[in-house]
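Work through the exercises below with the model open. Each task is followed by its solution.

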Amino acid sequence: MSTIAPASSTTTADKLRDLRAELGVDNCLDDSTLTRALYSTDASVYRVVPQAVAMPHDRDELIAVIRAALKVGLPVTGRGAGTSCAGNAVGAGLVVDMRRHFHDIISVDPESATAVVQPGVVQSWLQRAAAPYGLRFGPDPSTSNRCTIGGMVANNACGPRALGYGRSADNTVSLEVVTGTGELLRLGGAAEGERPEVLNSLDQLVDANLAAIRTECGRFTRQVSGYSLEHMLPENGRNAAKFFGGSEGTLGIITEATVKLVADAPCKTTVALGYPTMPDAGAATMSILEFHPTAIEGMDRRLADIVADRLGKHAVPPLPRGDGWAFVELVGSDTAEIAARAHALVEASGALEGWVVDDPAQAQRLWGIRSDAAGLAGVALDNPAYAGWEDSAVPPENLGQYLRDLDGLLAEHGLHGLPYGHFGDGCVHCRIDFPFDQPGGVQRYHDFMLAAGRLVASHGGSMSGEHGDGRARGELLPLMYSPGVIDLFGAVKRLFDPENLLNPGVIVDPAPTADDIRVAATLDSPLRASDPQFTRDVHQCSGVGKCLADTTEAGGVMCPSYQATGDEKDSTRGRSRALQEMINGELVKGWRSPELAEALEFCLACKGCRRDCPTGIDMAAYKSRVLYHRFRHRLRPMSHYAMGKLPTWGRLVTTLRVGRLGNLFTQTPGLKNIVKGMAGVDQRRPMPRFRPGVSARQEAARTLEKGPAKGRPVAVWVDSFSDAFEGGQILGLVATLVSAGFSPQVIEQDACCGLTWITTGQLDGARAHLRHAVEIMAPIAEAGTPIVGMEPSCMAVWRSDAAELLPDEPRVPVIAESIHTLAELLEELPDWTPPDLSGKTIVAQPHCHHASVLGWAADQKLLERTGAKVITLGGCCGLAGNFGVERGHYEVSVKVAEHDLLPAIDAAGPDAILLADGFSCRKQIADLRRRKAMSLGELLASHL
């Protein structure tokens, strides 16, 4: 057994110095200010700044880091994806990030239905590896496309289908762990061999407390709080691997896990049941359980209304009569048997109305309501809502009354929440609008948490049902356990971690639940006083980490730079943390801090987070503001003058008709290198070609003069990119409009939206351009004439940034309502038929702003009507306006393109039609694959 020498130093800085000395120069430690800021919080309400972060590359390095930290007396906190919503993954000493590098799937064995994985393996990666064998890892939390297996085991994660497949602990076969003494243990499985001394001591401790463990631990499936000592009972086989599940890294750090895999039953159906209220739905749980479901999810009308309000009415399909619902999943091997069971369930459910949903697509939409609501719950109330009382659980037979009592408790404390949950297990999620940003808010939080703890204990429940106790609920454990069991937990902790160095402050000797609240730390911030709304917006990031998910799997855009680098600082969450710390002012100091600049450096301003982030973070807008403050009254980078004012240079070239001369400078070897160097452009990036003659507006106007069309009038707004640079998108648009029966008229005045000023943080200039454009476009919109544009990023300005930059301009919403994409305009024509493209393949790259702000649904529907095979990409092209052009961004720009765009083009082959409405997207395709992409107008016009 390894032993840890007493620490020779006293201050944390000394311990870190000693740790570096133990590990040597070549180590995986990072104690930079930015990294410490990024890892100071997880998906909880807590903020604890670590002394350093370790990102081990392999097992040996992980073990060496842990042992060295223990030797010098530095506390260690293990971290997976940082999606813990109870403060399980933050600590003041050394935080060990398993996900960054330590994420290999060592083996998948279909015969034994097991997998051996490193702790940083993301659950969805394991699902993909097991799928060819018809297997999967059973538990499925909502964060499955970014949470790690190690984190799932440590917190005993569950998800909706734990009712059928069990918790993470139930699916754990064996673990390799490093304890707080530095000992490497193998727990469970045939490889356990001779029982280690520490487990013999644990057996003795359990045998001395059999009665207490049998009566207080493991009383129902979702009793996750505390240590799961029921697994160490002799009648349960003294299963140390399962016992470690839910210990939250306080007894040992997982270095390897062997987990059980399961086979999904081949047949599945969904039953939707409507009840008068959600407590009524909860009260029906015991009747539903008699039909052996794999999942029962509950919610009420409040969540359905929120989804409809935030995502559109289309996001909520028809629901059974009532104001509370239970969605039930039944599985089996016989279709007829499942159908009979489903209909019998409806009859016995006591519901106002029940549906058996055989259509998988309709069932997915029903389950999607609950999934969407989970993300929206934090931003759906008048004030921000937070985790804390996040996943309490009661025996299912008590669920209905507990839900009623919880609503009453919220009202008693003047708080609001949106409960929903895994009703089959009695687990209830609830984000609550704790007033952390108000004086006295932390005390109100503390008072409610204690009252809620007493309430759930009175129903025989557990403070945590699947996320662990963390810093949120450790203080509440004496409300559900006797003093004897609390002492027993302490004795267990001392066996494995005698110096209390593994995740201290969690479960044993817990930190007070009201300490270290992140939002409360900003109460005295000068920036909060001057702009409370910006502070609130930035703190909307809950840390749930959807920006870490694979965009290919998630079907979204967010977050392309993280997909390219894998670095936390390049995620939406990481940037939000840097901004939060800037507002706090302790680590990151001011708008011009180097840490903030580093965090935002690779932000593509794609606005993917604006749509894909469940809390609605708009990092593009935040970045613009940071750049505005950083360079206000200061010299800017050359790229801001060159590309930030690109529309000005483009107008100058077309007005003087010197496009050929401009191309001479930007395309000729030698000259172009000088121009790129002066403009801050990467030398590897080809420059766009100016139009050699008149502007696109003038060309289109002349074309329309030759053959004036009759029909419904429509105004064509030509953006600065389409106007000044080569391309046939304007003529394609006009031809399509005419063929569809419109009478297009080109807006010939300059009406620049100021996009490039916005993206480079030149917000005063952006406002000036927008005000000028309003004067030109408002009369057209007020007359009821639709305005159609071509460049998605410019159209998106009117639907997003314009209202934020000109909040007192009442005509902006009128223009935004009038702005249409071509597909939206054509969608309004019931008799219009698109050309027949049967047999053709279209690879469609939606511009990020198109997908995130304007919406791609109309385009998707139109393309499908052509009969072509449509491959719609989810990721960003990587160029993103000026981003991929600027010096220092080329590698990341290409890496982003390699994630979705380039593989899709290569796989589709040379005959595929490439569709890209965005100027940046077309240029990236031309730069990296030497192929021409069409706009939608060009595509339709060329096949009419």
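**Exercise 1: a helix and its cover**

Helix 23 (residues 572–584) has 13 residues and spans 18 Å from first to last C-alpha, close to the 18 Å expected at 1.5 Å a residue. The expected span is 1.5 Å times one less than the number of residues. Helices (H or I, at least four residues) and strands (E, at least two) are DSSP runs, numbered from the N terminus. This is a predicted model: local features need pLDDT of at least 70, side-chain atom pairs pLDDT 80 or more, while totals for chains, interfaces and linings use all residues. Residues are numbered from 1 along each chain as its sequence is written, and side-chain values use heavy atoms, without hydrogens or water.

Task: State how many residues of helix 23 are buried.

Solution: 
1. Buried means under 20% relative accessible area, exposed over 50%, partly exposed in between (1.4 Å probe, protein chains only).
2. Just after helix 23, glycine 585 has a positive phi of about 85°.

**Exercise 2: a strand pair**

Task: Find the sense in which strand 17 and strand 18 pair.

Solution: 
1. Pairing takes at least two DSSP bridges between two strands.
2. Strand 17 (residues 712–716) and strand 18 are parallel, with five bridges.
3. Valine 714 sits opposite proline 744 of strand 18.
4. Strand 18 (residues 742–746) is mostly covered, with four of its five residues buried.

**Exercise 3: one leucine**

Task: Classify leucine 661 by its accessible area.

Solution: 
1. Leucine 661 lies in helix 29.
2. Its relative accessible area is 45%, so leucine 661 is partly exposed.
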